[in-house]
Amino acid sequence: MHALKKNRPLRRIVLTSAATVSGVVLVLSLKPHTAPALASPAPSPSTGAVALPAPSGSASSGPATGTRTATGDAAQTRYGPVQVRVTVKDGRLTDVTAVTYPQSSPRDQRINGYAIPRLGSEALSAQGANIDAVSGATYTSEGYRQSLQSALDSLGR
Amino acid sequence: MAEPSETPAPAPAQLRHVEEVMGTVFSFDVRGGEPTAMRAALDEAVAGLHRVNEVFSTYRDDSQISRLARGELTIEECDPEVAQILQLCSEAERLSDGWFSATFQGTFDPTGIVKGWATERAALHLVAAGATGVNVNGGGDVQLCGVPGPQRPWRVGVSDPLRPGALAAVVSAAGTAQLAVATSGTAERGTHIVDPRTGKSAITDLVAVTVVAPKLTWADAWATAAFAMGARDGLSWLESLPDTEALLITAGDEVRCTGGLADRLG
């Protein structure tokens, strides 16, 4: 049903990515018992984000309409500055994009562990993925109501 | 609240419940066991969460933890769970080299371990009462025990903080008697994780850390600690922990994981 069904298919898919993704294939050092190569998924131009720091003026109050964007202050990390841009449409956060983020050095990539491809969008609905629970950054009550977990609970699955 | 499962196989009875407590939402999915006993055990588990909130809430002036902090109570005068949590906090601080800390703004604040511990305890209470499958989700941190039904493991989606409504991965509890999945990150509540060295919001190159381990008490604490450590140190530290796997989503929108996580994906 989705890309990460079993261990072996996962590895096969990872290797396929390694073979087909041009440009940003990162060969990582590996433990002896694992697959021989792993690839970082190709970054798509519209994604990439970080939630630090909270951009000033991001709090939307009242019936805000239209699309607004705000770029946060750059936050210093030990790997370099991180800066994000958020897009709010009709009062809802619709996009978070990292406009600046640390470009890992080859040394960093070697110790950054194992890259795995994200699940494809076809697997992402709570109903479609046949899942029993959702783990996410701690839900507030309001966040819960907007979350996949509340969808699962309301379905009574 | 009890609903019979609709699968044609001889499926165990199912009990579901959602409870708002501790500033978040807990959902219970309990399978098997004797229905009357399960109903009672669920009520007890829910009452236990409210009791934990009363005792440990740092937002309540009259909670035991607040009175302990003001010196109005000794540990011996508190519920025995207070000493137990103190012990767990000091263990977490030691094992994380201080990255997990129960000291916030100069006072004792065990919030970082209480929720995971309380969720795990609620799940184990239901198992002890005879449930064959338990899934307790405490605000996005999940404790699983047993199985939901014949030939099916519990499966937990890990929400993708960068794509609201989407999943970054699915974790399966297949082959385990007990598995917890805990996530720390900035996605929903903003920068609520504090760097214990500075007392300020942790500056990290991570947007989320998900830890998979048998017990939610530790999975939750380790996710918090690793988040504050950042991708490189957090990942290598998590890799060193026994029975612990993890998935990290970086500021660069990469998903990284420990070597054994692939065996837990499903």
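1. Start with the hairpin in chain B: β2(B) and β3(B) form it with two residues between them, and B:Met22 in the turn has a positive phi of about 55°. Strands here are DSSP E runs of at least two residues, helices are H or I runs of at least four, and both are numbered from the N terminus. Please keep in mind that this is a predicted model, where local features need pLDDT of at least 70, side-chain atom pairs count only at pLDDT 80 or more, and totals for chains, interfaces and linings use all residues. Residues are numbered from 1 along each chain as its sequence is written, while chains are lettered from A and ligands numbered from 1 in the order in which they are written.

2. How do the two strands pair? β2 (residues 14-21) and β3 (residues 24-31) of chain B run antiparallel and are joined by eight bridges; pairing requires that DSSP finds at least two bridges between the strands. B:Glu19, for instance, has B:Phe26 in β3(B) as its bridge partner.

3. Now have a look at A:Asp132, in the loop between α3 (126-129) and β6 (133-135) of chain A. Why does A:Asp132 count as buried? Because A:Asp132 has 23 C-beta neighbours inside 10 Å; the label buried takes 20 or more other C-beta atoms within 10 Å, exposed 12 or fewer, and partly exposed lies in between, with C-beta atoms placed from the backbone.
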